[in-house]
Amino acid sequence: MAARLGISWLKGLGALRKTETPLDQRTLLAFAAMLLFGLMIRMAFIGADGFATDVGTFESWALTLANNPLRDFFVKAGFADYPPGYMYVLWFVGHLYKLLIHSDPSYSILRIFVKLPGVLMDLVDATLIFAI
């Protein structure tokens with residue numbers, strides 16, 4: 001069911017293309033396979049440290065946003081050089097982490113939660129570029 005929904009979505013994106021020839025099903029399946037392969041690779045390495053300073057900062061911000069009102073973030077965080085829009089994503093991540101996880105002394109699950117929005121948006125970006 002999910003595969004059919006995904007193929008239908010990709011066909012709809014194919015209709016957005018400005019070429020005169022529509023995309024055939026093999027092209028869409030190949031693109032979907034590439035997206036899936038890319039997702040599997042990213043998920044295989046999602047637990048890695050990555051850019052430790054950035055990931056640690058995002059983890060700290062997510063927890064700060066989960067433990068304080070959103071309006072107090074820039075006062076409580078100390079150092080925040082990102083635009084406010086991304087703080088909504090980290091607010092959601094922090095609250096989801098607090099809601100689902102009750103024991104994570106190494107914060108490894110938080111690291112995954114913090115990296116997941118970027119991984120998902122990479123898939124969206126690839127799909128949008130493909131649709132152009």
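**Glutamate 59 and the helices around it**

Student: In which helix is glutamate 59 found?

Tutor: This is a predicted model, in which local features need pLDDT of at least 70, side-chain atom pairs count only at pLDDT 80 or more, and totals for chains, interfaces and linings use all residues. Residues are numbered from 1 along each chain as its sequence is written, and side-chain values use heavy atoms, with hydrogens and water left out. Helices (DSSP runs of H or I, at least four residues) and strands (runs of E, at least two) are numbered from the N terminus. Glutamate 59 is found in helix α3.

Student: How many helices are there in the protein?

Tutor: Read along the sequence, the pattern of the protein is α-α-α-α-α-α. The protein has zero strands, and its number of helices is six.

Student: Which residues is glutamate 59 in contact with, leaving aside its neighbours within four places in sequence?

Tutor: Contact means that heavy atoms lie within 4.5 Å. With neighbours within four places in sequence set aside, the contacts of glutamate 59 are Tyr107, Leu110, Arg111 and Val114.

Student: With which residue does the side chain of glutamate 59 meet in a salt bridge?

Tutor: A salt bridge is a side-chain nitrogen of Lys or Arg within 4 Å of a carboxyl oxygen of Asp or Glu. The side chain of glutamate 59 meets its partner, arginine 111, at 3.8 Å from N to O. Glutamate 59 lies in helix α3 and its partner in helix α6, so the bridge ties together parts that are 52 residues apart in sequence. The partner in this salt bridge is arginine 111.

Student: What is the distance between the closest N and O atoms of arginine 111 and aspartate 49?

Tutor: Arginine 111 is buried, with a relative accessible area of 17%, whereas aspartate 49 is partly exposed at 47%. Arginine 111 forms a salt bridge with aspartate 49, and the closest N and O atoms are apart by 3.9 Å.

Student: How many residues apart in sequence are the parts tied together by arginine 42 and aspartate 122?

Tutor: A search of the whole structure finds three salt bridges. Arginine 42 forms a salt bridge with aspartate 122, with 2.2 Å between the closest N and O atoms. Arginine 42 lies in helix α2 (residues 25-44) and aspartate 122 in helix α6, so the separation of the parts they tie together, in residues, is 80.

Student: What distance separates the end C-alpha atoms of helix α5?

Tutor: The expected span of a helix is 1.5 Å times one less than its number of residues. Helix α5 (residues 84-100) has 17 residues and should therefore span 24 Å, which agrees with the distance between its end C-alpha atoms, 25 Å.

Student: How far apart in space are proline 117 and valine 93, C-alpha to C-alpha?

Tutor: Proline 117 is found in helix α6 (residues 108-131). Not counting residues up to four places away in sequence, proline 117 touches Val89 and Val93. Proline 117 and valine 93 are 24 residues apart in sequence, and their C-alpha to C-alpha distance is 8.7 Å.

Conventions: Buried < 20%, exposed > 50% of the residue type's maximum accessible area, 1.4 Å probe, protein only.
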